[in-house]
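User: I'm new to this structure and would like to get to know it. Can you show it to me and walk me through it?

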Amino acid sequence: MNSANEIATDIVVIGAGLTGLTAAHYLNKKNQKFIILEQSDKTGGVIQSKCEDGYLYEEGPNTGVVGNTTVVELFEQLSDKCTIELGGNNVKKRYILKNGKWEALPLGLWSAVTTPLFTFKDKLRLLGEPFRKVGNDPHENLASFVKRRMGKSFLDYAIDPFIIGVYAGDPNYLIPKYALPKLYNIEQECGSLIGGAFKKGFIKKSEEEKKVNKKVFSCIGGLGELTKALTASVGAENIRLGAKDIVVNPSGNAYIITYTDAKGELNTINCKKVITTIGAYALEKTLPFVEKSQMRKINSLHYTKVIELALGFDKWEGRKLDAFGGLIPSSEKRNILGILNMSSLFENRAPEGGALVSIFMGGVRRQDLIALTDNEIKRVVEKECQDLLALHEFNPDLFKIIRHNFAIPQYGVESGERFETIAQLEAQFKGLFIGGNQRNGIGMADRIKQGKELAMEAL
Ligand SMILES: Cc1cc2nc3c(=O)[nH]c(=O)nc-3n(C[C@H](O)[C@H](O)[C@H](O)COP(=O)(O)OP(=O)(O)OC[C@H]3O[C@@H](n4cnc5c(N)ncnc54)[C@H](O)[C@@H]3O)c2cc1C
């Protein structure tokens, strides 16, 4: 350590991923004095878009959903810095693998009746869904919830692959009350999922709500353009990159934060408020004043490991890529979770006549795969692609492996205690706001919404 540098500000935001940058964007709009501390040498967190040899690929999330009014508002506010790109027509078509064959998810009534994905018995049983008893166990897992309301084949060939696509998770572990609160609340409030969906159609929407079209988005130039735009909006001068060993301690009605900067110097910031947006696994070291028993309730959250692959082909000779992609139910026992056809969703992702796909491996059921070497991963992917993408020759022109050790938090039965503990800590330590993906949802739309809420609470 060299000399100690000491400064004062109003608010410190820890983490410059989508949540932290969004929070800072809204603080900035309200002319607040703030500093963002980020341990890595770049902003964006897991959102990183890369251009190479004519391909534009993602190293983290590939798409978001225009799922709430804050997403709409944020893109409007950043319109001079980045442009939202909605997924093309192929977005609606999605495949599920059944018995080794891709089957399209039904989009209309006729396809719902004729699809081989669900059993005849379960299709008939669905007619009785509005009359089924409302569940009374708030900790019922998702698998049991779906079997009870819809039937096992819907669990196996709709919900299981959906959960693989969103959480890389397991419906036997996730608790709808915490992982899919909208679904849980529909049953509790409307008595049925079909009835709830029907009722929703009659709810009057404000002009802002009408813009929440639930469409799939990226940005022109990739999702990294969104975090780049946020970084520009927030101002690089307010961001300290390479800030290691951040430690927060309360001091009277304020906080003292120490960290080591990129030059190895010890820095101190005195501030009135702190917003953390880092994962649950990183909180213990950062907030050492939190009692161990309380911290255990937060960092017991399990994050699944995911391997992401970006594969580019200058000349595409495989199966027609005419859909969003395909998801693979766990009952199919394959080595990959799903495939996203990025170049058929968005412009300029691959050279003309070529293709870019993203493939996911691992997740809660195959945590072991992250330990494979690059060559072993390549062999696994080659075998799966030859079969599932009808690629007889596997010679990708772009082959990138991205390992995520803390990819997606799994909102299990322990989540209630975690949410309560965070609320207790925020009440106990005025001016402390604990955000990040340990609460309020895991998707980008959730992160954007939470980022704004954190800023508003801190104001
Ligand atoms: C592989 C993958 C695929 C995904 N796919 C989708 C998708 O298709 N659609 C979707 O909506 N969402 C998806 N998500 C989720 C979405 O990407 C995240 O919810 C969102 O980007 C998280 O933003 P964040 O700011 O909360 O966290 P992060 O992006 O993790 O940012 C946290 C930041 O804090 C920093 N940090 C961590 N620890 C410390 C510390 N101790 N001190 C200082 N800084 C620290 C990190 O370096 C990072 O920059 C995916 C996520 C992953 C990993």
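Analyst: Helices (H or I, at least four residues) and strands (E, at least two) are DSSP runs, numbered from the N terminus. This is a predicted model, where local features need pLDDT of at least 70, side-chain atom pairs count only at pLDDT 80 or more, and totals for chains, interfaces and linings use all residues. Residues are numbered from 1 along each chain as its sequence is written, and side-chain values use heavy atoms, with hydrogens and water left out.

User: Which domains does the ligand lie between?

Analyst: Domain bounds here come from an automatic or database domain assignment. Two domains both give residues to the shell, so the ligand lies between them: domain 1 (4-43 + 224-299 + 411-458) and domain 3 (302-410).

User: How far is a polar side-chain atom of Thr19 from an oxygen atom of the ligand?

Analyst: Thr19 is among the closest residues to the ligand. A polar contact is a pair of N or O atoms within 3.5 Å. For the polar side-chain atom of Thr19 and the ligand oxygen, the distance is 2.6 Å.

User: Is Gly88 buried, partly exposed or exposed?

Analyst: Gly88 sits in the loop between β6 (84-86) and β7 (94-98). Buried means under 20% relative accessible area, exposed over 50%, and partly exposed in between (1.4 Å probe, protein chains only). At 33%, Gly88 is partly exposed.

Note on methods
A residue is near a molecule or strand if one of its heavy atoms lies within 4 Å of it. A polar contact is a pair of N or O atoms within 3.5 Å; within protein, one must be able to donate a hydrogen and the other to accept it, and residues adjacent in sequence count only if both atoms are side-chain atoms.
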